[in-house]
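The paragraphs below go through the helix pairs and then a pocket.

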Amino acid sequence: MDTQKNDLQLILSNVRSGDEKSFDILYQQYKPLITSKVAEFIGSLEAEEIEQLSSIALYDAAMSYDYEKVDRKVTFGLYADICIRNKLISELRRVKAVEIPDGDIVHSEESGSGASPEEYVLRKEDVLSRIRRAKSMLTPFENTVFLLYLSGDGYNEIAAKLGKSRKSVDNALTRIRTKFKSDNMPE
């Protein structure tokens with residue numbers, strides 16, 4: 001058991017140092033946790049979005065977990081579980097999701113804009129259609145960067161969350177814009 005704790009501490013230390021392979025190892029170890037969160041939240045968010053948010057939360061947990069600060073009472077697994085759950089709940093609260101009959105999620109942040117309910121639903125369906133089309137054009141990394149950018153994160157924040165350089169994020173956003181322009185999608 002002590003060897004497992006030392007191995008985990010080494011992996012966490014390497015993740016904090018920017019070692020992508022260590023995060024891949026950590027991700028594989030906690031993949032069952034992420035899979036359980038997909039099953040738990042699938043009715044409220046899309047599976048891919050749950051996986052992405054969970055991955056980001058796992059990375060954030062790895063960056064912030066301090067065995068000494070948790071009085072040696074909270075395992076990393078429990079800490080990661082709490083971080084992932086909180087991230088997903090925060091996302092649900094942020095978008096104030098409302099289910100519509102075809103099962104898509106409509107964000108209700110602008111529902112009081114004075115438009116009729118029909119206009120509001122049509123506008124939101126158009127936005128969802130564009131987002132779906134955009135997601136199909138992007139690589140998984142570009143999709144993650146795009147979602148973080150849409151959520152209001154800046155280049156440096158995205159780079160820190162994904163363990164990438166600011167230049168990688170800048171390049172991904174440039175590729176995303178190019179893809180959208182070539183598909184005549186409005187920015």
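Helices α8 and α9 cross in a right-handed manner; a crossing is right-handed if the near helix is turned clockwise from the far one by less than a right angle, and left-handed if anticlockwise. The model is predicted, so local features need pLDDT of at least 70 and side-chain atom pairs count only at pLDDT 80 or more, while totals for chains, interfaces and linings use all residues. Residues are numbered from 1 along each chain as its sequence is written, and side-chain values use heavy atoms, with hydrogens and water left out.

The axes of α8 and α9 (residues 166–182) come within 8 Å and cross at roughly 110°. Axes here are lines fitted to C-alpha atoms, for helices over the stretch in contact, and angles run from 0 to 180 degrees between N-to-C directions. The helices themselves are DSSP runs (H or I, at least four residues), numbered from the N terminus. α8 and α9 are therefore roughly perpendicular to each other (65 to 115 degrees; under 35 is roughly parallel, over 145 roughly antiparallel, and the rest oblique). On the α8 side, Y155, N156, I158 and A159 meet R166, V169, D170, L173 and R177 of α9, where contact means heavy atoms within 4.5 Å. Five of these residues are nonpolar, one is polar and three are charged. In this scheme Ala, Val, Leu, Ile, Met, Phe, Trp, Tyr, Cys and Pro are nonpolar, Asp, Glu, Lys and Arg are charged, and the others, Gly among them, are polar.

Helix α8 (residues 155–162) also packs against α7 (residues 140–150), at an angle of about 130° and with the axes 10 Å apart. That angle makes α7 oblique to α8. The contact joins F141, T144, V145, L148 and Y149 of α7 to Y155, I158, K161 and L162 of α8. It has seven nonpolar residues, one polar and one charged. The crossing of α7 and α8 is right-handed.

α2, α4 (47–64), α7 and α8 each supply at least two lining residues, and α4 gives the most, with six. The lining has eight nonpolar, five polar and seven charged residues.
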